[in-house]
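Me: I have a structure open and would like to go through it piece by piece. Can you take my questions as they come?

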Amino acid sequence: MEAPAIFTEAEFYQQNFNPREYLNEYYSMSNSREWASTFMMQNLRTLHKMFSLDGLRGDILIDVGCGPTIYQLLSACERFQEIIALDYTDQNRRELEKWLKNEAGAFDWEPVVKYVCELEGDREKWAEKQEKLRKKVKQVLKCDVTKANPTGPVSLPPADCIVSTLCLEGACKDLPTFRSALRNISTLLKPGGHLVMVTVLGESYYVFNKQVFSCLCLEKHEVEEAVVAAGFEMKFAEAQPYEVDDDLTDIKGVLGLVARRCPSAT
């Protein structure tokens, strides 16, 4: 399997991304592939560590490119009062809202929530955490990270923190687009606010449901340089190698980082 010849841009996601198949393939701890569960648990540990850092708290958290997932908000919801989730594709936002409204047939995140509660010291608080997260997500909106105003025409209050996991590398076809997307999303943040990111490294494609989605193949230094160029100072960065013996992806590693928007950034 190899990356498609043409980068799979936003419209391809809108037409072909099946959120339920994606969740079953990568996030269902019982029947997803072993490497997918390991990858998710590693990311949950990284997010737990990053959201435990000093200064990562406040009123508003914006999740940029939430997809149909909630795992990236489980540690975050302990530190912020209000969460706004943004994604490009209509079906991802619908799938997320199904879980937020606790509708019948929503994806079962219970094993994932329990794992994060275990990291926080009390596995039994999982039901309480689910309710807390459901209450804190106030809006689920469309966004396009390649636009100067990613949420236009809607304008949002500036956030204390942005979290973005496994999003920009899927949305940006080249390094200049990636760099400009970081500048675009930085406008959603207060000066002095934090960016929390989880980015895959060295990946050119991933597959589920027989659909191949391309990915911008990034190295750690390219991501960090782009973050700094977008007006941030790096606070934390941890890259872990990741090899998968499976033709569903050619991932080489994953990078977790926290950066602070420079107060002088405009």
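Me: Which residues of helix H6 are buried?
Reply: This is a predicted model. In helix H6, residues 126–136, the buried ones are Lys-129, Gln-130, Leu-133, Arg-134 and Lys-136.

Me: What do the buried residues of H6 pack against?
Reply: They pack against E2, H4, E3 and helix H5, which covers 110–119.

Me: E2 and E3 are strands, then. How many strands form the sheet, and in what order?
Reply: The open sheet has 7 strands, in the order E3-E2-E1-E4-E5-E9-E8. The pairing is mixed.

Me: Which strands stand at the edges?
Reply: Strand E3 (137–142) and strand E8 (232–241) do. Each has a single partner strand, so one side of each is left without a neighbour in the sheet. From one strand to the next, the twist averages 15°.

Me: What holds paired strands together in general?
Reply: Strands of a sheet pair through backbone hydrogen bonds, and the pairing can be parallel or antiparallel.

Me: OK, start at the E3 end. How many bridges join E2 to E3?
Reply: There are 5 bridges, and the two strands run parallel.

Me: How many residues of E2 are buried?
Reply: In E2, 6 of the 8 residues are buried, so the strand is largely enclosed by the rest of the structure. For E1 the count is 5 of 7, so E1 is largely enclosed by the rest of the structure as well.

Me: Now the other end. How do E8 and E9 pair?
Reply: E8 and strand E9, residues 253–261, pair in the antiparallel sense over 9 bridges. Met-234 stands opposite Ala-259 in E9.

Me: Which strands does helix H3 lie across?
Reply: H3 (residues 34–51) lies across E1, E2, E4, E5, E8 and E9. Helix H3 runs at about 160° to E5. Helix H4 (residues 90–100) also packs on the sheet, where H4 touches E2 and E3. The direction of H4 makes about 165° with that of E3.

Me: Changing topic. What volume does the largest pocket have?
Reply: About 780 Å³. The pocket is lined by 41 residues, and the closest to its centre are Tyr-13, Leu-166, Cys-167, Gly-170 and Tyr-206.

Me: Which elements give two or more residues to that lining?
Reply: Helix H1 (10–16), helix H2 (19–26), H3 and helix H7 (168–171). H3 gives the largest share, 5 residues.

Me: Which residues line the largest cavity?
Reply: Asn-43, Thr-46, Val-198, Glu-238, Gln-240, Val-254, Leu-255 and Gly-256. H3, E8 and E9 each give two or more residues to that lining, with the largest share, 3 residues, coming from E9. By class, the cavity lining has 3 nonpolar, 4 polar and 1 charged.

Me: How does anyone find empty space like that?
Reply: Rolling a probe the size of a water molecule over the atoms shows where empty space is left.

Me: Last one. Where is Arg-183?
Reply: Arg-183 is found in helix H8, residues 175–186.

Me: What is the relative accessible area of Arg-183?
Reply: Arg-183 has a relative accessible area of 41%. The cut-offs are under 20% for buried and over 50% for exposed, so Arg-183 counts as partly exposed.

Me: What separation do the C-alpha atoms of Arg-183 and Ala-230 have?
Reply: They are separated by 4.8 Å, while the two residues are 47 residues apart along the chain.

Terms used
Residues are numbered from 1 along each chain as its sequence is written. This is a predicted model: local features need pLDDT of at least 70, side-chain atom pairs count only at pLDDT 80 or more; totals for chains, interfaces and linings use all residues. Side-chain values use heavy atoms; hydrogens and water are left out. Two strands pair if DSSP finds at least two bridges between them. Helices (H or I, at least four residues) and strands (E, at least two) are DSSP runs, numbered from the N terminus. Axes are lines fitted to C-alpha atoms, for helices over the stretch in contact, and angles run from 0 to 180 degrees between N-to-C directions. Contact means heavy atoms within 4.5 Å. On a 1 Å grid over the protein atoms alone, a cavity is a set of points where a 1.4 Å probe fits but cannot get out, and a pocket is an open set with protein on both sides within 12 Å along at least five of seven lines; lining residues have an atom within 4 Å of a point. Grid points are joined across faces, edges and corners, and a volume is the space filled by probe spheres set on the points. Buried means under 20% relative accessible area, exposed over 50%, partly exposed in between (1.4 Å probe, protein chains only). Ala, Val, Leu, Ile, Met, Phe, Trp, Tyr, Cys and Pro count as nonpolar, Asp, Glu, Lys and Arg as charged, and the others, Gly among them, as polar.
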